[in-house]
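Please work through each task before reading its solution.

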Amino acid sequence: MNTKKLTRYIGIAMVLGIVVGYVCNRTATDAAHAKQLAGYFSMITDIFLRLIKMIIAPLVFATLVSGLAGMTDSSAVGRIGLRAMVWFVLASVASLLLGLLLVNVFAPGTHMNLTLPDAGASTALKTGDFTLKGFLTHVFPRSIIEAMATNEILQILVFSLFFGAALGYVRGKGHTTIINAIDELAKVMFRVTDYVMRFAPLGVFAAMAAAITTEGLGVLVGYGLLIGEFYLGLVLLWALLFGVGYLFLGRDVKRLGGLIKEPTLLAFSTASSESAYPKTIEALTRFGVPKRISGFVLPLGYSFNLDGSMMYQSFAVLFIAQAYEIPMSFSQQLMLLLVLMVTSKGMAGVARASLVVVAATLPMFNLPEAGLLLIMGIDQFFDMGRTATNVVGNSLATAVISKLEGARAGADDIEAASAEDAEDADGAAPAPAPRSQA
């Protein structure tokens with residue numbers, strides 16, 4: 001589907017989802033009935049997200065291995081990885097600091113006058129295995145089949161590094177059969193991505209309808225101040241990220257912003273970074289980033305560069321401290337930043353990861369875990385914003401690293417990725433396989 005059309009359809013689907021969700025919320029007889037209605041919408045969203053998960057593993061594997069096998073500079077992988085990690089660490093620190101600054105300035109926990117849950121109440125979030133040790137051992141797969149079956153992106157990346165390096169060596173010996181097969185697999189997966197993305201507006205509609213049916217628009221009024229302050233923080237974070245991106249990309253950063261509009265909107269409406277992954281790769285290719293770089297840096301970013309999530313975590317911890325009137329000194333807040341820098345690196349593959357990180361961090365500073373109950377009901381609205389921000393941060397990081405590498409996608413790749421857009425603008429019928437060359 002043409003990119004401009006798909007973006008427009010997703011926007012329309014979001015509005016329709018809000019309207020239908022509001023009607024369902026108002027007509028529901030009670031909370032249980034509203035939850036039942038939302039369940040029907042959620043079924044559609046779940047099916048769409050399952051289709052997305054279906055293509056993630058082979059797409060990551062094929063694009064990354066194909067790119068690595070074609071690298072002639074053996075030091076490129078280490079250099080790209082080092083530059084990516086430096087960017088990720090600096091972006092994480094900036095996100096955490098911004099969250100701490102805003103929550104200190106606005107002090108939402110002291111101004112909202114909320115009814116506090118009992119300090120001993122449980123959130124039922126599993127935090128026991130959420131440790132740095134557990135994360136480091138989890139990075140390395142026991143089985144690539146298991147990693148692909150569970151969509152463990154970081155594990156797939158580790159295996160792909162070994163596999164791609166081995167293929168590069170084999171290629172040097174004149175054996176290219178497997179390499180050609182993986183190149184063809186990458187083309188097929190981009191075509192499958194096209195088919196799946198045709199269902200995106202339906203999945204977006206159902207996601208928005210389910211959220212509004214359950215929570216209603218009233219929750220946006222009651223928590224409007226808190227949500228507004230958080231989204232103001234996200235706007236400032238976007239401005240910071242694009243500002244730094246401008247230093248490296250110049251005026252091209254505006255073009256990048258336009259290209260990633262669709263995956264960002266998709267991530268926002270579904271609150272799922274995975275749903276945006278295929279379209280983010282495609283947008284970066286149009287921008288001129290080679291798939292050997294985007295296929296390597298993006299999976300890394302999904303585990304180490306979650307800018308929106310990082311800001312949310314510092315914001316949420318201090319909000320809870322303010323709500324329970326537990327003061328935190330500057331030194332404690334600095335320690336909080338360091339703790340979140342470490343614990344957040346275990347987020348990959350954890351359900352409701354940001355909430356789990358906050359739940360694991362609260363006891364370290366003698367803060368009641370029950371404070372999470374204040375925001376768990378509206379976490380969907382926070383999740384939408386932080387997920388979209390994660391996509392923006394990773395897109396900028398990938399584009400900047402490509403610029404530093406002096407790498408550009410081939411003309412054939414860029415033409416293939418944008419062919420159907422040009423044809424649609426001329427009123428021509430879409431090409432039968434517009435992204436098979438992407």
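**Exercise 1: An aromatic cluster**

F230 counts as buried, because its relative accessibility is 0%; buried means under 20% relative accessible area, exposed over 50%, and partly exposed in between, with a 1.4 Å probe and protein chains only. The model is a predicted one, in which local features need pLDDT of at least 70 and side-chain atom pairs count only at pLDDT 80 or more, while totals for chains, interfaces and linings use all residues. Residues are numbered from 1 along each chain as its sequence is written, and side-chain values use heavy atoms, with hydrogens and water left out.

Task: Determine how the rings of F230 and Y231, and those of F230 and Y312, are arranged.

Solution. 
1. A pair of aromatic rings is described by the distance of the centres and the angle of the planes. Rings of Phe, Tyr and Trp (its six-membered ring) pair if their centres lie within 6.5 Å; planes under 30 degrees apart count as stacked, over 60 as edge-to-face and the rest as tilted.
2. A search of the whole structure gives 11 aromatic pairs. For F230 and Y231, the centres are 5.9 Å apart and the planes stand at 90 degrees, so this pair is edge-to-face.
3. Y231 is partly exposed, because its relative accessibility is 23%.
4. For F230 and Y312, the centres are 5.7 Å apart and the planes stand at 85 degrees, so this pair is also edge-to-face.
5. F230 belongs to helix 11 (residues 224–249) and Y312 to helix 16 (residues 307–323), so their pair ties together parts 82 residues apart in sequence. Helices here are DSSP runs (H or I, at least four residues), numbered from the N terminus.
6. Y312 counts as buried, because its relative accessibility is 1%.
7. Ring pairs link F230, Y231, Y312, F315 and F382 into a cluster.

**Exercise 2: The setting of Q155**

Task: State where Q155 lies, whether Q155 is buried or exposed, and which residues Q155 contacts beyond its neighbours within four places in sequence.

Solution. 
1. Q155 is located in helix 7 (residues 153–172).
2. With a relative accessible area of 6%, Q155 is buried.
3. Apart from neighbours within four places in sequence, Q155 is in contact with H138, V139, F140, P141 and A147; contact means heavy atoms within 4.5 Å.

Note on methods: Helix = DSSP H or I, 4+ residues; strand = E, 2+ residues; numbered from the N terminus.
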